Amino acid sequence: MCDERGAAIEPVAVVSNERVADDVGRVVFDAPRTAASIAPGQFVHLRIARGADFILRRPFSVHRAYDGRLEILYQVVGRGTKVLAEAIPGDVMDVIGPLGAGWSVPGDATRALVVAGGLGAAPMGMLVEELAAREVDVTFALGAPSAGRLVARQLFESLCRRTLVATDDGSAGTCGFVTVLTPEALERERPDVVYVCGPEPMQRIVAAQCAEAGVACQVSLERLMACGVGACLSCVVATSDGLKRACVDGPVFDAATIAWEPSGDAEVAG
Ligand SMILES: Cc1cc2nc3c(=O)[nH]c(=O)nc-3n(C[C@H](O)[C@H](O)[C@H](O)COP(=O)(O)OP(=O)(O)OC[C@H]3O[C@@H](n4cnc5c(N)ncnc54)[C@H](O)[C@@H]3O)c2cc1C
Ligand code: FES
């Protein structure tokens with residue numbers, strides 16, 4: 001079954017599943033069809049199956065796609081991700097994908113700043129690979145509550161010119177939220193475009209910093225997603241162009257169009 005944009009259901013087999021940070025796992029699926037067609041920032045809707053019966057699928061960004069495989073980073077937060085953490089090689093699940101609108105890279109971009117808080121690192125793997133392939137000079141600002149929860153740091157360090165790190169408790173890099181790194185990075189690097197993913201209060205702050213600096217900013221927003229394909233309206237995002245569906249119009253949006261909910265900086269945690 002395919003939709004007009006090429007999304008389809010594909011049975012996927014677990015190749016490996018391991019812990020990569022505190023409460024964070026990386027599962028690799030054999031998924032040749034989806035891996036060949038997915039673009040940076042898009043996501044899949046995963047039917048988690050392992051002795052459990054979940055009515056709703058769970059949306060996950062694709063961290064990397066290569067050699068017919070999909071790599072997904074997941075944080076154990078509830079029933080579904082707990083079951084996912086117990087998956088072993090050979091388990092078969094299925095995905096609907098590729099879904100949503102991903103990151104866009106302006107053709108004339110030469111410098112980019114990528115900002116990720118916590119699991120906001122998940123949709124950035126394919127993005128930095130794409131930016132590196134286009135020879136865009138990338139500075140990565142990576143934040144997390146503590147050193148043990150920094151995600152995919154090695155990949156970002158290998159592909160980006162500079163990787164800046166901040167942790168809330170100061171156990172690695174600068175002490176504080178990742179948003180303490182961005183004003184200086186914007187000033188020093190003068191990026192053509194900024195990409196952001198992480199807790200929404202953090203995204204709102206970086207979007208405001210970018211607006212002040214006059215730099216284009218894209219954000220990837222997380223919403224509850226029941227259908228994942230635009231039918232149920234469970235994922236709406238308020239924008240200056242009206243209500244949009246994060247599953248088909250996003251999850252990546254131009255930050256300047258988002259009607260942000262006001263919130264305090266104290267909520268910003270990775
Ligand atoms: C576009 C998109 C990409 C995402 N990418 C990732 C990723 O790469 N890695 C990752 O760890 N998480 C990602 N998430 C969040 C992930 O979907 C939820 O953490 C997951 O669905 C929780 O399932 P659960 O059964 O463990 O939790 P539950 O026990 O069902 O709920 C725990 C929490 O997860 C949230 N949640 C539950 N179901 C959904 C849902 N269908 N959509 C959004 N939130 C939900 C609830 O609000 C609740 O606070 C993404 C979400 C979206 C919308
Ligand atoms: S999840 Fe159903 S419309 Fe977006």
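Reader: Where in the fold is Gly228 found?

Author: Gly228 belongs to the loop that joins strand E13 (216–220) to strand E14 (236–239). Do keep in mind that this is a predicted model.

Reader: Is Gly228 buried or exposed?

Author: The general idea is to compare relative accessibility with a cut-off: buried means under 20%. Gly228 has 2% relative accessibility, so it counts as buried.

Reader: Which residues does Gly228 touch, apart from those up to four places away in sequence?

Author: Gly228 touches Phe43, His45, Leu99 and Cys247.

Reader: Let me try another loop. Where is the place of Pro106?

Author: Pro106 sits between strand E7 (92–99) and strand E8 (111–117), in the loop. Its relative accessibility is 32%, so Pro106 counts as partly exposed.

Reader: Which residues is Pro106 in contact with, leaving aside its neighbours within four places in sequence?

Author: The contacts of Pro106 are Arg134, Val193 and Tyr195. Gly68 is 38 residues apart from Pro106 in sequence, and the C-alpha to C-alpha distance is 27 Å.

Reader: Now the ligand. How many residues surround ligand 1, and which are the closest?

Author: Ligand 1 is surrounded by 20 residues, and the closest are Pro59, Leu73, Gln75, Gly80 and Thr81.

Reader: Which polar backbone atoms lie by the oxygen and nitrogen atoms of ligand 1?

Author: Start with the oxygen atoms. One oxygen atom of ligand 1 is 2.7 Å from a polar backbone atom of Gly80, and for Arg79 the corresponding distance from an oxygen atom of the ligand is 3.2 Å. On the nitrogen side, a backbone N or O atom of Met225 is 3.1 Å from a nitrogen atom of ligand 1. As for cover, ligand 1 has 840 Å² of accessible area on its own, and the protein covers 77% of that.

Reader: Gln75 was in your list of closest residues. Where is Gln75 found, and what does it touch?

Author: Gln75 is part of strand E6 (residues 69–75). Not counting residues up to four places away in sequence, it touches Asp23, Val24, Thr81, Leu119 and Arg149. At 18% relative accessibility, Gln75 counts as buried, because the cut-off for buried is under 20%.

Reader: How should I read a helix? Which residues of helix H3 are buried?

Author: Find the buried residues, then ask what they pack against. In helix H3 (residues 124–133), Met124, Gly125, Met126, Leu127, Val128 and Leu131 are buried. The partners for packing are strand E5 (64–66), E8, strand E9 (137–144), helix H4 (153–159) and strand E12 (193–197). After H3 comes Glu135, with a positive phi near 60°.

Reader: And charges? How many salt bridges does the structure hold?

Author: Side chains of opposite charge can pair when their charged atoms come close. This structure holds 16 salt bridges. One of them joins Arg57 and Asp94, whose closest N and O atoms are 2.6 Å apart. Arg57 lies in the loop between strand E3 (43–47) and strand E4 (58–61), while Asp94 is in strand E7, so this pair ties together parts 37 residues apart in sequence. Arg57 counts as buried at 16% relative accessibility, and Asp94 counts as buried at 11%.

Reader: Which pairs have partly exposed partners?

Author: Among them is Arg26 with Glu18, where the closest N and O atoms are 2.5 Å apart. Arg26 has 26% relative accessibility and Glu18 has 37%. Another is Glu86 with Lys82, at 3.3 Å between the closest N and O atoms; here Glu86 is at 40% relative accessibility and Lys82 at 48%.

Reader: Which residues are linked in a network of salt bridges?

Author: Asp137, Arg161, Arg162, Glu184, Arg188 and Glu189 form that network.

Reader: Last, the surface. Which residues make a nonpolar surface patch?

Author: Leu233, Val236 and Leu243 make a patch of about 290 Å². Leu243 is found in strand E15 (residues 242–245), and at 64% relative accessibility Leu243 counts as exposed.

Notes
Residues are numbered from 1 along each chain as its sequence is written. Chains are lettered from A and ligands numbered from 1 in the order in which they are written. This is a predicted model: local features need pLDDT of at least 70, side-chain atom pairs count only at pLDDT 80 or more; totals for chains, interfaces and linings use all residues. Side-chain values use heavy atoms; hydrogens and water are left out. Helices (H or I, at least four residues) and strands (E, at least two) are DSSP runs, numbered from the N terminus. Buried means under 20% relative accessible area, exposed over 50%, partly exposed in between (1.4 Å probe, protein chains only). Contact means heavy atoms within 4.5 Å. Patches are made of residues with over 30% relative accessible area and no salt bridge: like charges are joined within 9 Å, nonpolar side chains (Val, Leu, Ile, Met, Phe, Trp, Tyr) within 5 Å. Accessible areas come from the Shrake-Rupley method with a 1.4 Å probe; for residues, only the protein chains shown count as cover. A salt bridge is a side-chain nitrogen of Lys or Arg within 4 Å of a carboxyl oxygen of Asp or Glu. A residue is near a molecule or strand if one of its heavy atoms lies within 4 Å of it. A polar contact is a pair of N or O atoms within 3.5 Å; within protein, one must be able to donate a hydrogen and the other to accept it, and residues adjacent in sequence count only if both atoms are side-chain atoms.
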